[in-house]
Amino acid sequence: MTDLTEADIQTRLAALTQLRAAIGQAIVGQADVVEQLLIGLLAGGHCLLEGVPGLGKTLLVRSLGEALKLDFRRVQFTPDLMPSDILGTELLEEDHGTGHRSFRFQPGPVFTNLLLADELNRTPPKTQAALLEAMQEKTVSYAGVTHRLPAPFFVLATQNPLEQAGTYPLPEAQLDRFLLHIRVDYPSEAEERAILAQTTGSKSGTVPAVMAGEEVLALQKLVRDVHFGDELLDWVTRIIRASRPGDGAPDDIARYVKWGAGPRAGQSLILAAKARALLQGRLAATRDDIVALAAPVMRHRLLLSFAAEAEGRSADDVIASLLRAVPLA
C-alpha cells in the first residue's frame, strides 16, 4: 500500500459511498449497473452500456458526471457524423493588424473528462475509429500535432441491441478498448413503480456533486495498490488462455468460440476486480470479484462461432462454462 494513512484510506472509501448515494438520487435501482460503472471509473477504463431504449442509460451517465464535478459532453452519433465533429478541426484566423494568417486548432467535444458516446454503433467505421487513439492513448493527433486530453478521461458509450438497420457493428479492435461491456436490463416491478412515481411528478431527483477530478485520480492510484494474490493471478491467466480455441481448450470453447480473449482481457479483469474490492471497502481482491466481473470483462472480447449462434449459446453462457472448466484450485 502507498504512504496513505488508515484515516486517508477510510476517507476515500467513505467518498465512494457518498458517490453511490448521490447517483441513487436520480437513478432508481440498477444496482449492478451502477456498481459496474463505478468499477470502470475506478479502474480508469471505458464502458460500453447496452440496453433497449428508455432504461436510463443516458441519465445514468449524466448523473455520474454531475456527482463527480467533471466536465461532461454528450455526442449523439449519427450516420452523417464526421471525425472532425468529435476530435476538432483547424480554423484559419487572420490578424487584422498585420494581415498574417495562421491555423488554430479548435478542440472538439472529445476534450472533456466524461464523454457520452450515445448510440456509438450508428456512425460509420471512419468516425468510430476517430475515438481509438483517444480511448487508448488519451491523446488526439491532428495535422502532425499531438494534443493531450484532460485527466481523468472516460468514454461511456451506449448502443441499442435491437435495431440493427442503419447501424455499424463495432470492430473487435474498438470493443477491446472497453474495459467493461455492461448489460442494462429491465427494472423489477417495484423499481419500475418507483421510476414512474419519481419521473411524472413535480419533483425530480437532483444529483449533488460529491467528488472532484483530483479525488478520482487518487482513487485510481489506490486501486493499483489493492492486493491481488499470486493464486488469483495464476487463475486469471489460466482463464484467459483457456478462452482461446486450440489444443487443450475446454470442449465448449473449442466448439463455440472462434477467437478468444487477448492479454488486455486479463489486465482488465485484474484491474476491475481490484476496483470492485475497493468499492466494497476491501483492500484485497477475492475469488468473488473475478467471478462477478468475468462476464462484463470478456463478453465483448469473444468471437463466437456459427455453432454457438445456431444453438442459442450466448457469450455469457460460454464464460460461465469456462469458469466451471477452469476452477481456482
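This section describes a helix pair, a further helix and a loop residue in a predicted model.

Two packed helices are described by the angle between their axes and the distance between the axes. Helix α9 spans residues 213-224, and helix α12 spans residues 263-279. The two pack at an angle of about 110°, and their axes lie 9 Å apart. Helix α9 is therefore roughly perpendicular to α12. The crossing of α9 past α12 is right-handed. On the α9 side, the contact involves L219, L222, V223 and R224. These residues meet L271, K274, A275 and L278 of α12. By class, six residues in this contact are nonpolar and two are charged. No polar residue takes part.

Helix α12 also takes part in the packing around α13. Helix α13 covers residues 287-298, twelve residues in total. From its first C-alpha to its last, α13 reaches 16 Å. This is close to the 16 Å expected at 1.5 Å a residue. Buried positions in α13 are D289, I290, L293, A294, A295, P296, V297 and M298. The partners of the buried residues are α2 (31-43), β9 (178-183), α10 (230-242), α12 and α15 (315-325).

Residue N121 sits in the loop that links β5 (114-118) and α5 (125-128). Its relative accessible area is 5%, so N121 is buried. Leaving aside residues up to four places away in sequence, N121 touches Q128, Q159, N160, T167, Y168 and L170.

Methods: Residues numbered from 1 in each chain as written. Predicted model: local features only at pLDDT ≥ 70, side-chain atom pairs only at ≥ 80, totals over all residues. Heavy atoms only, no water. Axes fitted to C-alpha atoms, helices over the stretch in contact; angles between N-to-C directions. Helix = DSSP H or I, 4+ residues; strand = E, 2+ residues; numbered from the N terminus. Parallel < 35°, antiparallel > 145°, perpendicular 65-115°, else oblique. Left-handed = near helix turned anticlockwise from the far one by under 90°. Contact = heavy atoms within 4.5 Å. Nonpolar A, V, L, I, M, F, W, Y, C, P; charged D, E, K, R; others polar. Expected span 1.5 Å × (residues − 1). Buried < 20%, exposed > 50% of the residue type's maximum accessible area, 1.4 Å probe, protein only.
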